[in-house]
Structures are given as C-alpha cells and as structure tokens.
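Biologist: I would like to go through this model with you and ask, point by point, what stands behind the words used for it.

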Amino acid sequence: MNNLSHVNTAQVLLRLTLGAVLLAHGLLKVLVFGHAGTAGFFVSLGLPAVLAYIVMYAEVLAGIALIVGFQVRAVSVLTLPILLGAVWVHAGKGWLFSNAGGGWEFPVVLVILAVIVAIQGGGSCPVSRLFKRD
C-alpha cells in the first residue's frame with residue numbers, strides 16, 4: 001500500500017465517521033426525542049421551533065450524503081452552522097461531554113472533523129463520481 005492509498009483510506013474513514021455521527025444524531029432527534037421533543041428543546045434554548053426540524057433533517061441528509069460520498073466538501077461546509085450551534089448549546093456545560101448536559105469537547109471535535117473533510121475531501125466517493133463531467 002503506497003502513501004496515496006493511505007491518505008485515501010484515512011479520508012474515507014474520516015468521511016464515514018462524520019457521516020455516521022451526523023446520521024445517528026439526526027435519527028436520535030427524529031426517532032427518540034421526536035419532532036415535538038426536539039422542537040421543545042430548541043424553544044427552551046430561545047430558538048425557533050422550525051429550526052429543530054431543519055436541524056434534525058439536515059443531520060440525517062448530511063449523514064447519508066457523507067456516507068455514500070455525495071458532494072462531500074459542500075456537505076461538510078453546510079454542516080458547520082449546525083455543529084457550531086451544538087458547540088454553543090454545550091459551551092456553558094464544561095469541557096467534558098460526560099458532564100451533566102454534555103460539555104463542549106465532542107461538538108468541537110465534530111467541527112474540526114467537518115473542516116478537515118471540507119479541506120481534503122472524502123477520499124473515494126463512488127456517488128460523486130457519477131456526477132462529474134469529463
């Protein structure tokens with residue numbers, strides 16, 4: 001395995017990791033907390049309820065897009081407002097995510113992952129290749 005294939009493998013793993021986490025968090029909001037529960041939480045933060053619907057489905061769609069490799073750089077950039085919002089929500093709860101209410105360490109890691117994927121791409125992306133022009 002040459003150095004280029006190592007880089008590609010790392011890019012794919014990073015893309016899949018970010019995609020899986022976004023998908024899991026989106027599905028958690030949709031399937032566990034539900035629409036009303038998620039909207040209620042957003043309202044309790046002083047945010048409009050409609051933002052909860054945008055965030056939960058954006059996380060699901062972004063997660064799927066990253067997992068299949070569709071428009072990886074653009075999707076990663078588009079997730080940054082959501083991820084920075086998560087940092088804002090958890091900023092006052094301490095550093096460790098194991099703190100009551102979750103700290104800011106995990107959301108910051110996700111921001112960094114999204115920035116890295118946006119900069120270097122997602123490695124082999126079979127779906128994106130279908131849309132490239134020769």
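Biologist: What does the accessible surface of the protein chain come to, and what percentage of it belongs to carbon and sulfur atoms?

Modeller: The model is a predicted one, and in it the accessible surface of the protein chain comes to about 7,700 Å². Carbon and sulfur atoms account for 73% of that surface.

Biologist: How many helices and strands are there in the protein chain?

Modeller: The protein chain contains 5 helices and 0 strands, and the order of its elements, read from the N terminus, is α-α-α-α-α. Buried residues amount to 36% of the 134 residues.

Biologist: Where in the protein chain is confidence lowest, and where is it highest?

Modeller: The mean pLDDT is lowest in helix α5, residues 126–129, at 62, and highest in α2, at 97. Over the protein chain the average is 90, with 90% of the residues scoring at least 70. Where pLDDT is low, the predicted coordinates should not be read in detail.

Biologist: Why is K29 called buried?

Modeller: K29 has a relative accessibility of 15%, and buried means under 20%, so K29 counts as buried. This residue sits in helix α1, and, leaving aside residues up to four places away in sequence, K29 touches G34, H35, T38, V55, M56 and E59.

Biologist: What makes the pair of E59 and K29 a salt bridge?

Modeller: Their side chains meet at 2.9 Å, N to O, and the cut-off for a salt bridge between a Lys nitrogen and a Glu carboxyl oxygen is 4 Å, so the pair qualifies. The structure holds 1 salt bridge. It links distant parts of the chain, with E59 in helix α2 and K29 in helix α1, 30 residues apart. Like K29, E59 is buried.

Biologist: Why is S76 called buried?

Modeller: The relative accessible area of S76 is 0%, and the limit for buried is under 20%, so S76 falls in that class. S76 belongs to helix α3 and touches L18, L66, A114, V117 and A118, when residues up to four places away in sequence are not counted. With A118 there is also a C-alpha to C-alpha distance of 5.4 Å, although S76 and A118 are 42 residues apart in sequence.

Biologist: Which residues have the most contacts inside the largest nonpolar core?

Modeller: In that core of 17 residues, those with the most contacts are L18, L22, L66, L83 and L110. Two or more residues come from each of α1 (3–44), α2 (49–68), α3 (72–90) and α4 (105–120). As for L110, its contacts beyond four places in sequence are with L18, V21 and L83. Another core, of 8 residues, lies apart from the largest one and includes V30, A52, V55 and V60.

Biologist: Why is L61 called exposed?

Modeller: L61 reaches 59% relative accessibility, and exposed means over 50%, so the word applies to L61. The residue is in helix α2, and its C-alpha atom is separated by 9.3 Å from that of G19, 42 residues away along the chain.

Biologist: What is the phi of Q71, and why does Q71 count as partly exposed?

Modeller: Phi of Q71 is near 45 degrees, which is a positive value in a residue other than glycine. Q71 is placed in the loop between α2 and α3.

Biologist: What percentage of contacts between residues at least 6 apart in sequence joins residues at least 24 apart?

Modeller: Of such contacts in the protein chain, 66% join residues at least 24 apart.

Terms used: Residues are numbered from 1 along each chain as its sequence is written. This is a predicted model: local features need pLDDT of at least 70, side-chain atom pairs count only at pLDDT 80 or more; totals for chains, interfaces and linings use all residues. Side-chain values use heavy atoms; hydrogens and water are left out. A nonpolar core is a set of buried Ala, Val, Leu, Ile, Met, Phe, Trp, Tyr and Cys residues joined through side-chain atoms within 4.5 Å. Buried means under 20% relative accessible area, exposed over 50%, partly exposed in between (1.4 Å probe, protein chains only). Helices (H or I, at least four residues) and strands (E, at least two) are DSSP runs, numbered from the N terminus. Contact means heavy atoms within 4.5 Å. pLDDT is the predictor's confidence in each residue, from 0 to 100. Accessible areas come from the Shrake-Rupley method with a 1.4 Å probe; for residues, only the protein chains shown count as cover.
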